[in-house]
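The exercises below go with the sequence and the 3D model. Try each task on the model before reading its solution.

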Amino acid sequence: MHSENITLDRLSRAIRDRIQPALATPVADLTVTAWHVPGEPVPAEVAFAAEYAPFAIGERWGRPWGTTWFRMRGASPPSARGRRVELMIDFGWTDRMPGFQAEALAYRADGTVIKAIEPYNNWVPVGDGEVDVYVEAAANPQFFGHNIVEFWPSPLGDPLTAGDEPLYRLAEARLVVRDEAVAGLLLDLDTVAGLVREESLDPTLRALATAALDRALDTLDGQGLDVKAMRAPLAPVLEAPATASAQRISAMGHAHIDSAWLWPLRESRRKVARTVANVLQLMDENDDLIHVMSAAQHWEWLREDHPALFERAVAASRFLPVGGQWVESDTVLPGGEAMVRQFAEGQWYFREHFGAISRVAWLPDSFGYSGALPQIVRQAGIDYFLTQKISWNRVNRFPHHTLEWVGIDGTSVFTHFPPVDTYNGELTVRELTYAAGNFREKGRATRSLLPFGYGDGGGGPTREMLARAARAADMEGLPRVRVEAPEEFFDAARAEYPDAPQWYGELYLELHRGTLTTQAAMKRGNRHSEHLVRAAELWATTAAVTLGREYPYAELRNLWRTVLLLQFHDILPGSSIAWVHRQARQTYGEVEAGLTALIDDAQAALAGDGPGAVVFNAGPIAVTGTPAGGAIPAAPVTQSPATATAIDGGGARLASDRTVVTLAADGTISSIVDVATGIEAVTPGGRAGLLQLHPDYPAHWDAWDIDGNYRATVEDVVDVRSITVTETGDAAVAVVERAFGASTARQSFTVRPGQAGVDVLIEVDWQERQRLLKLAFDVDVHADRARFETQFGHVTRATHENTSWDAARFEVAAHRWVHVGEPVGVALANDATYGHEVRRVSRPGGGMATSLRATLLRSPQFPDPQTDRGAHEFRFALVPAARPADAIAAGYRLNLPPVRRPGSHGVAPLVAQDGDGNVLIEAVKLAEDRSGDVIVRLYEAEGVPGRVTLRPSFAVGAITRTDLLERPVEGDGPVVTLRPFQIVTVRLHREP
Ligand SMILES: [Zn+2]
């Protein structure tokens, strides 16, 4: 055995038997009484007034999701006078791990908050003498842990199924006297032992550390613990300064709190309050702590629930807001304007409450980062971007930790991935040496960032972490650690590394690809809400400007904030427990009702009374005569209707002036011909609109992951119950009914006059487990890249597997459309689907064709055992002979179809545009400052230069440019010139 191991064994025993017991000496038991809250949590003043019953140590408490208030009374003995007395509580944690289980918040009898109680932070400072503490304890079920089978379906994820059996047992509640000298000794030993354990360190240093530990342990004998004597031999090791080449680590307190995940939103509100209480308590006793808290929503929850804590946190100069977002959202799925509002709402909130916006985007944990983000964050006043999630890649190791990340439009943002590879750092020797060794920029740059603190109800940074930071400030063998704000790190890191390497395009996460699909109702709710809110703002603005109607500022803000909250990176991705998604489905319904009421109100005013009908088009592209952003009286149809014919022996033919579609006897499309060009979209012998089933049983992370080997097994859904053809209005429709597994599906194929391609409606009653449903189109296109819409533009991705990076992108995100062509090809638009796959396949007769597939549904069982069971619908449009512009138009048509309503007046677009069709309006709203000015956001959609002239239909004083926060930037006048994918925001000043 190595001598180091003998020393470390001696140390373990000494800590267990002799040192740890000396840290906290029990001095008094407490009298405990309890009140079990009958339903959901109540405010503290309600709990204080409740009837408390006697409660014994060892007694069980905590039905799943229940709250128990404990009152703990007693007194420390005279012997404790002048010493540090703490209340120690053990709720009966099944696993000692930070967070993810029972937690509590402790109050004084006067109602003020003291601090939280968590597994690794289970003490409350009470002072000597009389003690009377109220403890609000939350019985949160545990879904991960050492004693739990990973990803096992659990009924605990919803109170409807969780039962009433108590989860915990109060194991300890007593007063102890804490010995700070022993605490210091333990951290000294921990640090020196850390050096001994690090095999990557200099052997001489490790030998010195080992010898120092031995000498310290030699001071122990049967007579007790002499802390001073034991610390003395350790001092030279701890005091030896860092070497000249030591890297610099900027560390800051942080707690990653998921806005909902394995607990509901209401529990995240309480997790935020508990963490903030801990941080403020720690700051009271420690001048070194700097703590950052992201998500304006979390600050707002704190302000609503605990105004006193909010005010203390805002007033604390070392407690900093960061990130500038409303929540740490997913960034792959949200639409362009929603991504803008994530930052605008966050930054406006920070400006209002802190007097300054954040310069750092803070997204340690979401599942990949869209290529549009650099432009969006820079236009939102942000200079720097932080994440570390890309270290979770399963195939390719990302080559940089510090980089200039260049977006699809060419904007770059200075970006850092903490090389410690965690956002829940503890500042151990292991972490610090790992971070330094892992840092890919070493030799060219010296600085990295390390957020420390337990997240998700672990309670944030601890006094032990701060003690480790102090020891690592300047110590041989370790990087130099300094506790400082993220901006200080970034300013210094950029200054020392002006030629940081560039990474172009999206940051694709080679993991968690299922989150593009899981919990389909989240995807539909998000997509639908994003388009409704666009329409609501447009028509409310039009009504305000043209009719002088009041603009619903407050309603729109609240609805936007709700949509933004639901884009949190475990809600929209579908990775939360059943309760979260059940509530979110209900909330999306409320959002729809609220936005629809605003739209109806504005449209009714604009259309006026009258016997006729008016067609409104909220989209940025004119549709069959209705101008973009305007309305016209409905006109009778003049085109000849499309025809539907059943084919003898099965199948059907649908024909319009634009498209002819042939359905085979199995109900799949065998041919789609564009009439004008004669181009056939379907591969010879291929099928389009084919439903395919795959097994979906990933190795880990059920709701999150689609593993690549799912493709090895496939079942084509081609059994047909019936095919019927109808002609309704001017449309020709074929309806195919199918059954498979325990599920049924109805596919409706529709062709209309004047409209290119075929619309596909799929209604599914989905009852599968651990299976995946795809919708496949064999298209006769040979292209090495495909375009996928993202925020304010598109990304291109390879259709081949030339590199391991291409191969890892076997399931990717698209927003409203996918286009494959060079550049004429095929477009596939959708109304609620994000997961896609575009691959080249062999073409019968030679050459290559393309397989284009959309991922409709999954059925994982963790964390929601019933994920996606039930009725769903999906709309697609397949357009043959399509250019990218056709894909864009089809995407808007499916998501923002023109709406017909009673009335007699047409509505001129508030802002019309002359010029290039590739420049589109994404938002029209009244200015945030309530000046009455109109804000118009434009973008270039095709990836080529664009130029338009804006023609407002109302009296305009001046036309100026702003950033996404509506602050002035350079440029003015009605002519707008855009670079490819550029976003431009225009303020139209109203004439008084
Ligand atoms: Zn997270």
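**Exercise 1.** Which residues does Ala-445 touch, not counting residues up to four places away in sequence?

Solution. Keep in mind throughout that this is a predicted model. Start with the place in the chain: Ala-445 sits in the loop between helix H13 (429-438) and strand E20 (447-452). Then list the contacts, leaving out residues up to four places away in sequence: Phe-439, Glu-496 and Tyr-497. Ala-445 has a relative accessible area of 5%, and buried means under 20%, so Ala-445 is buried.

**Exercise 2.** Locate Leu-926, decide whether it is buried or exposed, and list its contacts beyond four places in sequence.

Solution. Leu-926 belongs to strand E46 (residues 919-926). Its relative accessibility is 6%, so Leu-926 counts as buried. Beyond its neighbours within four places in sequence, Leu-926 is in contact with Thr-541, Ala-544, Val-545, Tyr-551, Tyr-553, Gly-932, Asp-933, Val-934, Ile-935 and Arg-990. One of these, Tyr-553, is 373 residues apart from Leu-926 along the chain, and the two C-alpha atoms are separated by 8.5 Å.

**Exercise 3.** Describe how H1 and H5 pack, from axes to side chains.

Solution. Two packed helices are described by the angle between their axes and the distance between the axes. For H1 and helix H5 (residues 203-218), the axes come within 10 Å and cross at roughly 40 degrees. The crossing is left-handed. On the H1 side, the residues in contact are Ser-3, Glu-4, Thr-7, Leu-8, Arg-10, Leu-11 and Ala-14. They meet Arg-206, Thr-210, Leu-213, Asp-214, Leu-217 and Asp-218 in H5. Sorted by class, the contact of H1 with H5 has 5 nonpolar, 3 polar and 5 charged residues.

**Exercise 4.** What is the volume of the second largest pocket, and which elements supply its lining?

Solution. The volume of the second largest pocket is about 930 Å³. Its lining has 32 residues, and those nearest its centre are Gln-20, Leu-23, Tyr-120, Leu-186 and Glu-464. Now assign the lining to elements. At least two residues each come from helix H1 (3-23), strand E1 (24-29), strand E6 (84-90), strand E12 (172-178), helix H4 (180-197) and helix H14 (463-471). H4 gives the most, with 7 residues. By class, the lining has 16 nonpolar, 5 polar and 11 charged residues.

Of its 9 residues, 7 are buried, so H14 is largely enclosed by the rest of the structure. The buried ones are Arg-463, Met-465, Leu-466, Ala-467, Arg-468, Ala-469 and Arg-471.

**Exercise 5.** How many cavities of 30 Å³ or more does the structure hold, and what lines the largest cavity?

Solution. The structure holds 10 cavities of 30 Å³ or more. The largest has a volume of about 180 Å³. It is lined by 19 residues, with Gly-335, Glu-530, His-531, Arg-816 and Glu-922 the closest to its centre. Helix H11 (336-354), helix H16 (520-547) and strand E36 (785-790) each supply at least two lining residues. H16 gives the most, with 4 residues. The lining of the largest cavity divides into 6 nonpolar, 6 polar and 7 charged residues.

**Exercise 6.** Examine the backbone at Asp-421, Leu-427, Pro-823 and Pro-863.

Solution. Most residues other than glycine have a negative phi, and most peptide bonds are trans. Begin with phi. Asp-421 has a positive phi near 60 degrees, and Leu-427 has a positive phi of about 65 degrees. Asp-421 is in the loop between strand E19 (412-416) and H13, and Leu-427 lies in the loop between E19 and H13. Asp-421 is partly exposed, with a relative accessible area of 24%, whereas Leu-427 is buried at 2%.

Now turn to the peptide bonds. The bond from Glu-822 to Pro-823 is cis, with omega near -10 degrees; Pro-823 is in the loop between strand E39 (817-821) and strand E40 (825-830). Phe-862 and Pro-863 are also joined by a cis peptide bond, with omega about 5 degrees. Pro-863 is in the loop between strand E42 (848-857) and strand E43 (870-882).

Key
Residues are numbered from 1 along each chain as its sequence is written. This is a predicted model: local features need pLDDT of at least 70, side-chain atom pairs count only at pLDDT 80 or more; totals for chains, interfaces and linings use all residues. Side-chain values use heavy atoms; hydrogens and water are left out. On a 1 Å grid over the protein atoms alone, a cavity is a set of points where a 1.4 Å probe fits but cannot get out, and a pocket is an open set with protein on both sides within 12 Å along at least five of seven lines; lining residues have an atom within 4 Å of a point. Grid points are joined across faces, edges and corners, and a volume is the space filled by probe spheres set on the points. Ala, Val, Leu, Ile, Met, Phe, Trp, Tyr, Cys and Pro count as nonpolar, Asp, Glu, Lys and Arg as charged, and the others, Gly among them, as polar. Axes are lines fitted to C-alpha atoms, for helices over the stretch in contact, and angles run from 0 to 180 degrees between N-to-C directions. A crossing is left-handed if the near helix is turned anticlockwise from the far one by less than a right angle, and right-handed if clockwise. Contact means heavy atoms within 4.5 Å. Buried means under 20% relative accessible area, exposed over 50%, partly exposed in between (1.4 Å probe, protein chains only).
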